[in-house]
Amino acid sequence: MNFSANIRTIPVNVTNPVTNDVYVNIYRHYTLDDNGAYIVSYDDRIIATAVTESGYQGQLYLTPDITQLLVEIIDLDTNSVILQQTLETPINGVDL
């Protein structure tokens with residue numbers, strides 16, 4: 001039996017935009033409410049990491065069903081969202 005999948009690897013580079021520690025979440029699915037705010041489910045979170053220094057670098061594996069991403073950066077001191085950035089296909093990398 002042979003198994004093959006169309007899985008791609010993309011680079012993820014997130015620079016900490018503030019001097020405080022931040023948390024970076026990347027979701028593979030999201031929706032918008034009536035006011036245009038993002039609605040996410042933690043079941044769709046594919047990266048969750050604290051960034052205590054200058055940034056985060058890693059890799060992300062994308063399957064063909066992932067056609068959109070939402071990158072969210074949260075300030076850990078104030079627990080407030082600093083940035084929410086969407087990416088849609090073709091997704092060649094995350095660079096913020």
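This briefing describes the strands, the nonpolar core and the aromatic pairs of one protein model.

The model is predicted, so local features need pLDDT of at least 70 and side-chain atom pairs count only at pLDDT 80 or more, while totals for chains, interfaces and linings use all residues. Residues are numbered from 1 along each chain as its sequence is written, and side-chain values use heavy atoms, with hydrogens and water left out. The protein has 0 helices and 9 strands, where strands are DSSP runs of E with at least two residues and helices are runs of H or I with at least four, numbered from the N terminus.

**Overall build**
- Along the principal axes, the C-alpha atoms of the protein fill a box of roughly 50 × 35 × 20 Å.
- Of the 96 residues, 28% count as buried, a term that stands for under 20% relative accessible area, with exposed meaning over 50% and partly exposed in between (1.4 Å probe, protein chains only).

**Sheet**
- Four strands form an open sheet in the order β5-β2-β7-β8 with antiparallel pairing, and two strands are taken to pair if DSSP finds at least two bridges between them.
- The edge strands are β5 and β8 (80-88), each of which pairs on one side only.
- Strands β2 and β5 run antiparallel and are joined by 6 bridges; in β5, R45 is the bridge partner of Y27.

**Nonpolar core**
- The largest nonpolar core has 16 residues, of which V12, V24, I26, L60, L62, L69 and V94 touch the most other members; such a core is a set of buried Ala, Val, Leu, Ile, Met, Phe, Trp, Tyr and Cys residues joined through side-chain atoms within 4.5 Å.
- Two or more residues of this core come from each of β1 (8-15), β2 (22-27), β5 (45-51), β6 (55-62) and β7 (68-75).
- Leaving aside neighbours within four places in sequence, L62 is in contact (heavy atoms within 4.5 Å) with N6, I7, R8, I10, L69 and I91.

**Aromatic pairs**
- The structure holds 2 aromatic pairs, counted when ring centres of Phe, Tyr and Trp (its six-membered ring) lie within 6.5 Å, with planes under 30 degrees apart called stacked, over 60 edge-to-face and the rest tilted.
- The rings of Y27 and Y42 have centres 6.4 Å apart and planes at 50°, so this pair is tilted.
- Because Y27 lies in strand β2 and Y42 in the loop between β4 (38-39) and β5, the pair ties together parts that are 15 residues apart in sequence.
- Y27 is buried at a relative accessible area of 0%, whereas Y42 counts as exposed at 59% relative accessibility.
- Y30 and Y38 form an edge-to-face pair, 5.5 Å centre to centre with 80° between the planes.
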